[in-house]
Amino acid sequence: MINVLFSANEGWEEYGPALRIAFAKAGLDCDLRQEFPPDVVDYIVFTPNGPVTDLRPYTKTKAVLGLWAGVEAIVGNQTLTQPLCRMVDHGLTEGMVEWVTGHVLRHHLGMDAHIHGQDGVWRKGAPPLARERKVCVLGLGALGQACAAQLASLNFEVHGWARSLKSVAGVTCHAGEAGFDDALSGADMVVLLLPQTPATTDILNARTLGLLAPGAAVINPGRGPLIDDNALLAALDSGQIGHATLDVFRVEPLPAEHPFWAHPKVTVTPHIASETRAVTAAEVIGENIRRGEAGEPFLHLVDRDAGY
Ligand code: NAP
């Protein structure tokens with residue numbers, strides 16, 4: 001019997017049945033519970049806001065299997081010595097592709113002018129074609145690659161940037177510090193899908209916002225600290241940035257008094273760009289437990305030194 005502890009402070013009603021089905025499909029004989037004596041736990045299904053924060057008593061645990069894509073809230077936990085896997089869930093990826101595509105198209109087509117501008121004035125002029133818009137996707141991991149590929153399929157001129165050089169059909173890929181300015185320069189829109197690490201904090205700042213095309217749109221479904229908020233507000237006020245659509249923030253929920261809420265050029269969405277979906281995520285957890293039991297390498301292992 002494999003003892004699997006579910007340590008998340010929500011989702012048990014959904015994840016319990018989904019995980020049991022996934023374990024059965026994977027041929028795993030698992031006992032899944034929300035409580036166990038720590039020293040009998042083989043695997044922990046984990047979110048950083050769940051009950052387990054000190055992992056030292058989990059002496060037999062073979063892996064901590066995260067339900068979240070971002071790991072910044074657990075990667076620095078010094079009590080964690082077990083392998084840590086993050087979530088790459090195709091349900092979550094699909095949701096992110098839809099959210100990013102929708103918000104890119106909103107800015108590309110200038111939809112707001114027609115939604116808010118019903119003032120009886122007949123304004124001529126069709127939007128440019130997608131092929132005339134440069135979109136930069138910062139981060140070409142599971143989510144960034146899927147979004148970049150979708151935008152490229154719509155004919156946007158897509159540039160992507162990652163630490164290591166990637167190959168994505170229809171996307172001009174750049175890598176490392178040397179490739180950053182080329183990826184971003186002159187972009188009409190930038191989509192941030194980087195993890196939050198010391199190296200990515202404030203990556204959009206006064207200098208780098210200045211590389212974008214005047215009036216560019218910033219779309220951030222990544223993490224709040226990727227953007228220097230004050231630099232963004234200044235760039236919005238100067239007109240260098242035309243609009244910011246922000247799903248993630250340094251402090252969440254975004255405090256009611258934060259200037260982003262009332263800013264006419266900012267759209268706030270409450271960290272809903274996408275989320276882990278129980279049925280598809282349970283399959284990933286099941287596959288990782290199967291791998292752990294078979295002595296095979298885990299999927300989506302986090303590089304603790306890189307921080308993602
Ligand atoms: P991932 O697969 O780990 O991809 C991260 C990408 O960022 C990789 O391409 C990586 O480069 C690149 N990167 C990391 N550090 C870098 C650096 N210093 N310089 C250049 N590139 C760097 O992550 P993912 O699954 O795509 O998710 C991305 C982020 O989205 C998550 O970390 C999370 O914060 C966020 N997220 C948000 C929501 C939401 O609802 N808003 C939902 C899910 C996820 P390499 O490929 O070279 O390693």
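**Surface, helices and salt bridges**

Analyst: Let's start with a nonpolar surface patch of about 260 Å², made by Leu-109, Met-111 and Ile-115. Keep in mind that this is a predicted model.

User: Where is Ile-115 placed?

Analyst: Ile-115 sits in helix H3, which covers residues 111-116.

User: And why does Ile-115 count as exposed?

Analyst: Its relative accessibility is 55%. Exposed means over 50%, so Ile-115 qualifies.

User: What about charge? Which residues gather in a patch of negative charge on the surface?

Analyst: Four glutamates do: Glu-10, Glu-13, Glu-14 and Glu-275.

User: Which helix is Glu-13 found in?

Analyst: Glu-13 belongs to helix H1, residues 12-25. Glu-13 has 66% relative accessibility, so it counts as exposed.

User: Switching to helix H5. Which of its residues are buried?

Analyst: H5 runs over residues 176-184, and its buried residues are Gly-176, Gly-179, Phe-180, Ala-183 and Leu-184.

User: Why do they line one face of the helix?

Analyst: Look down the axis of H5. The buried residues fall within an arc of 130°, so they line one face.

User: Which exposed residues does the face turned away from the buried side carry?

Analyst: That face of H5 carries Ala-178 and Asp-182, both exposed.

User: Salt bridges next. How many does the count come to?

Analyst: The count is 14 salt bridges.

User: Give me one. What does Arg-56 meet in a salt bridge?

Analyst: The side chain of Arg-56 meets that of Asp-54, at 2.7 Å from N to O.

User: Are those two exposed or partly exposed?

Analyst: One of each. Arg-56 is exposed, at 58% relative accessibility. Asp-54 is partly exposed, at 31%.

User: Now helix H9. Which salt bridge does Arg-290 form?

Analyst: Arg-290 pairs with Glu-287, and their closest N and O atoms are 3.1 Å apart. Both residues lie in H9. They are three residues apart, about one turn of the helix.

User: And what does Arg-291 form a salt bridge with?

Analyst: Also Glu-287. Here the closest N and O atoms are 2.8 Å apart. Arg-291 and Glu-287 are four residues apart in H9, so about one helical turn separates them.

User: Are Arg-290 and Glu-287 buried or partly exposed?

Analyst: Partly exposed. Arg-290 has 27% relative accessibility. Glu-287 has 25%. Buried would mean under 20%.

User: Which residues are linked in a network of salt bridges?

Analyst: Asp-42, Lys-60, Lys-62 and Glu-293 are linked in one.

User: On to the backbone. Which peptide bond is cis?

Analyst: The bond from Glu-252 to Pro-253 is cis, and its omega is near -5°.

User: Where is that proline found?

Analyst: Pro-253 is in a loop. The loop lies between strand E11 (241-246) and helix H8 (259-262).

User: Phi angles, then. What is the phi of Asn-155?

Analyst: Asn-155 is not a glycine, yet its phi is positive, about 85°. Asn-155 is found in the loop between H4 and strand E7, which spans 157-162. With a relative accessible area of 40%, Asn-155 is partly exposed.

User: And the phi of His-271?

Analyst: Positive too, at about 50°, and His-271 is not a glycine either. His-271 is in the loop between strand E12 (266-268) and helix H9 (278-294). At 33% relative accessibility, His-271 is partly exposed.

User: Back to H4. Where does Ala-149 lie, and how far is it from Pro-37 in space?

Analyst: Ala-149 lies in helix H4, residues 142-153. Ala-149 and Pro-37 are 46 Å apart in space, C-alpha to C-alpha. In sequence, 112 residues separate Ala-149 from Pro-37.

User: Is Ala-149 buried or partly exposed?

Analyst: Ala-149 is partly exposed, because its relative accessible area is 31%. The partly exposed class runs between the buried cut-off of under 20% and the exposed cut-off of over 50%.

Technical notes:
Residues are numbered from 1 along each chain as its sequence is written. This is a predicted model: local features need pLDDT of at least 70, side-chain atom pairs count only at pLDDT 80 or more; totals for chains, interfaces and linings use all residues. Side-chain values use heavy atoms; hydrogens and water are left out. Patches are made of residues with over 30% relative accessible area and no salt bridge: like charges are joined within 9 Å, nonpolar side chains (Val, Leu, Ile, Met, Phe, Trp, Tyr) within 5 Å. Accessible areas come from the Shrake-Rupley method with a 1.4 Å probe; for residues, only the protein chains shown count as cover. Lys and Arg count as positive and Asp and Glu as negative; His and the chain ends are not counted. The place of a charge is taken as NZ of Lys, CZ of Arg, CG of Asp or CD of Glu. Helices (H or I, at least four residues) and strands (E, at least two) are DSSP runs, numbered from the N terminus. Buried means under 20% relative accessible area, exposed over 50%, partly exposed in between (1.4 Å probe, protein chains only). The arc is that of the directions from the helix axis to the C-beta atoms.
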